[in-house]
Amino acid sequence: MKGVLGTLVALVLSPILVIANEVEINQKTDSRQQCQGMYSRKAWGGDTDPFITTKFIKTTPKGDEDPVVSFVVFEWHDEELVGVWPTSDATEKEYICNEQNVKKEFCNETQIGEFILSPNASDSRNLILPQSVHLKDPKPIHYAINKTGYYCVSTSGFSSDSYKAAVEFRNAYGELPAAQIAKLPFYGGLTIVYAVIAIFWAFLYVQNRHDILPVQNYITAIVIFLIVEYLMTWGFYQYQNTHGKNLLANAMMIIVAILNAGRNSFSFFLLLIVCMGYGVVKPSLGKTMVYVRILAVTHFAFGVIYAIASLSITPDNAGPLVLLVIMPLAATLTAFYVWTLNSLNFTMKDLLERKQSVKAMMYKKLWWCILGSIVVIFAFFFLNSFNFAGRSDPDFVPDHWKTRWFILDGWLNLVYMVDIAYVAYLWRPTANNRRFAMSDEIAQDDEGFEIASFGGSLDEEDARSPNPHTPNGGQLSPVPPKPVNDNHRPRVSLDGETIFAVGEDGDKWSDDDESPRNSSERQKLTSKKD
């Protein structure tokens with residue numbers, strides 16, 4: 001725990017050496033060349049013209065030495081114009097202009113120390129800028145960007161074994177790298193979408209505030225949490241685009257990582273209790289809720305540790321100890337997956353056995369939603385595996401730098417948004433929430449009715465409606481009638497009092513039938529003698 005806190009403090013309080021979008025370039029093999037995508041001013045707009053500026057660190061040589069570094073800036077698709085083939089069957093190009101290459105007429109004496117360009121370099125799509133940099137008094141090298149592309153700064157020590165330079169890739173819109181600028185409107189748009197979902201949810205919540213289920217309070221909390229998280233993520237990229245990387249940007253990055261870990265844990269927690277039937281099938285989960293919360297908190301803790309480790313440890317420095325960070329997070333994630341799927345299957349089975357078709361349909365729709373998300377995720381990974389299979393191709397990154405962010409991060413956020421919106425729709429507040437959750441649907445036999453039950457229903461009907469033409473008042477059932485409590489005995493109607501309203505036209509006696517009230521026997525009994 002102390003190590004995690006130490007790493008967290010070091011990330012926040014570390015001295016900021018790079019303020020803008022700068023990268024270091026030096027004599028090491030992996031650091032001699034730095035490339036980034038760049039947008040033109042017309043593509044994204046901005047207040048200034050985009051450029052690449054390189055500043056070498058001045059060195060003080062011994063005696064009369066003049067350390068020189070070969071330098072060139074080019075767009076990736078013009079890379080084949082840098083260097084020349086010495087012969088038609090050569091396996092390597094000649095890149096640096098020296099005395100031997102001057103004698104071979106690959107370059108002239110004024111170009112000694114520079115990169116050699118192909119004779120048809122004038123046909124390049126963009127400007128290719130070669131220079132020889134004297135480290136005694138290095139001047140900043142400015143390269144203007146006129147077209148969108150993937151630009152590279154390449155160096156080679158001509159007469160110097162050690163050098164260092166800072167390369168700034170400055171776009172017209174701000175300090176954010178071109179490969180990440182699309183995240184700014186993306187996360188801003190997601191924030192607006194979640195805000196719209198929250199407005200509709202709040203309307204239904206307030207309208208049915210006296211009939212809210214506990215699970216709907218959890219959905220309310222996660223919708224609010226998502227608005228805060230995505231707003232914070234958008235604010236982080238906006239701040240970095242305006243001010244570059246500094247102390248506050250690092251602090252915001254850590255907060256975003258923690259919020260992301262909280263969102264993952266909260267989402268798994270909500271999905272698990274929903275699949276357990278909390279609020280709709282079961283009013284309470286009892287001690288199981290405690291275990292679910294412990295798993296969610298544990299997953300959150302491991303997620304924060306993983307986020308901090310990913311920010312502080314570079315892939316080059318990663319060792320076997322990284323497994324101590326990854327394995328606990330993978331274990332809690334697996335526990336969530338297994339528990340959630342088993343709970344959903346058990347809940348659906350229980351509802352189907354009790355013939356609760358309406359509730360079972362809700363969970364069946366949730367099951368299809370989860371299955372659809374899994375299919376989409378696997379299909380996306382399957383399709384992208386072909387793209388990443390060609391990652392060793394030098395043209396892979398230059399051809400995909402604009403969409404790489406969406407492949408790695410963007411589409412997962414869209415799948416998550418669809419899932420949370422669908423769950424909120426299924427469990428939206430309605431006027432009869434509690435009545436629906438706490439009541440059971442009357443089980444209907446799908447195979448039809450039985451003769452005995454049909455006969456029993458007729459017996460009950462006849463018992464209530466005695467027939468004068470049958471003995472015992474039309475009691476067809478051999479079962480003796482149950483004694484009726486005097487308190488519940490129906491009240492005898494008085495003459496002229498209406499107990500039930502009867503229809504007028506459909507219930508009148510026909511002309512051919514003799515009404516009991518107007519029958520001859522009744523007239524004889526009620527007639528008065530004059």
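A pocket, as the word is used here, is an open set of grid points with protein on both sides within 12 Å along at least five of seven lines, and its lining residues have an atom within 4 Å of a point. The structure is a predicted model.

## The second largest pocket

The second largest pocket has a volume of about 270 Å³. Its lining consists of 13 residues, and those closest to the centre are R32, Q33, F115, S154 and T155. Two or more lining residues come from each of two elements, strand 4 (68-75) and strand 7 (149-157). Strand 7 gives the most, with three residues. Sorted by class, the lining has five nonpolar, five polar and three charged residues.

## Disulfides and the remaining cysteines

A disulfide is a covalent bond between the sulfur atoms of two cysteines. Searching the whole structure finds two disulfides. Counting bonded cysteines along the protein chain, their pattern is 1-4, 2-3. The table gives the pairs with their sulfur distances.

| Disulfide | Sulfur to sulfur distance |
|---|---|
| C35 and C152 | 2.0 Å |
| C97 and C107 | 2.0 Å |

The bond of C35 and C152 has 115° about S-S and is right-handed.

C97 lies in the loop between strand 4 and helix 3 (99-103), while C107 lies in the loop between helix 3 and strand 5 (129-134), so the parts that the pair ties together are ten residues apart in sequence. Both C97 and C107 are buried.

The cut-off for a disulfide is a pair of cysteine sulfur atoms within 2.5 Å. C369 is likewise in no disulfide, its nearest cysteine sulfur being that of C275. C275 counts as buried because its relative accessibility is 0%. C369 also counts as buried, at 13% relative accessibility, since the cut-off for buried is under 20%.

After helix 5 comes G244, with a positive phi near 80°.

Helix 6 (residues 247-275) has 29 residues. From its first C-alpha to its last it reaches 43 Å, close to the 42 Å expected at 1.5 Å a residue. At the start of helix 6, N246 places a side-chain oxygen within 3.3 Å of the backbone nitrogen of L248. The helix is followed by G277, and the phi of G277 is positive, near 90°.

## The region of helix 3

N101 is in helix 3. Is N101 buried or exposed? N101 counts as buried because its relative accessibility is 2%. In sequence N101 and I112 are eleven residues apart, and their C-alpha atoms are 9.0 Å apart in space.

E105 lies in the loop between helix 3 and strand 5, the loop that also holds C107. Most residues other than glycine have a negative phi. The phi of E105, however, is positive, near 65°. E105 has a relative accessible area of 70% and is therefore exposed; the cut-off for exposed is over 50%.

## D395 and W76

D395 sits in the loop between helix 9 (357-389) and helix 10 (396-400). At 33% relative accessibility, D395 counts as partly exposed. Along the chain D395 and W76 are 319 residues apart, while their C-alpha atoms are separated by 8.4 Å.

How values were computed. Residues are numbered from 1 along each chain as its sequence is written. Side-chain values use heavy atoms; hydrogens and water are left out. On a 1 Å grid over the protein atoms alone, a cavity is a set of points where a 1.4 Å probe fits but cannot get out, and a pocket is an open set with protein on both sides within 12 Å along at least five of seven lines; lining residues have an atom within 4 Å of a point. Grid points are joined across faces, edges and corners, and a volume is the space filled by probe spheres set on the points. Helices (H or I, at least four residues) and strands (E, at least two) are DSSP runs, numbered from the N terminus. Ala, Val, Leu, Ile, Met, Phe, Trp, Tyr, Cys and Pro count as nonpolar, Asp, Glu, Lys and Arg as charged, and the others, Gly among them, as polar. The expected span of a helix is 1.5 Å times one less than its number of residues. A polar contact is a pair of N or O atoms within 3.5 Å; within protein, one must be able to donate a hydrogen and the other to accept it, and residues adjacent in sequence count only if both atoms are side-chain atoms. Buried means under 20% relative accessible area, exposed over 50%, partly exposed in between (1.4 Å probe, protein chains only).
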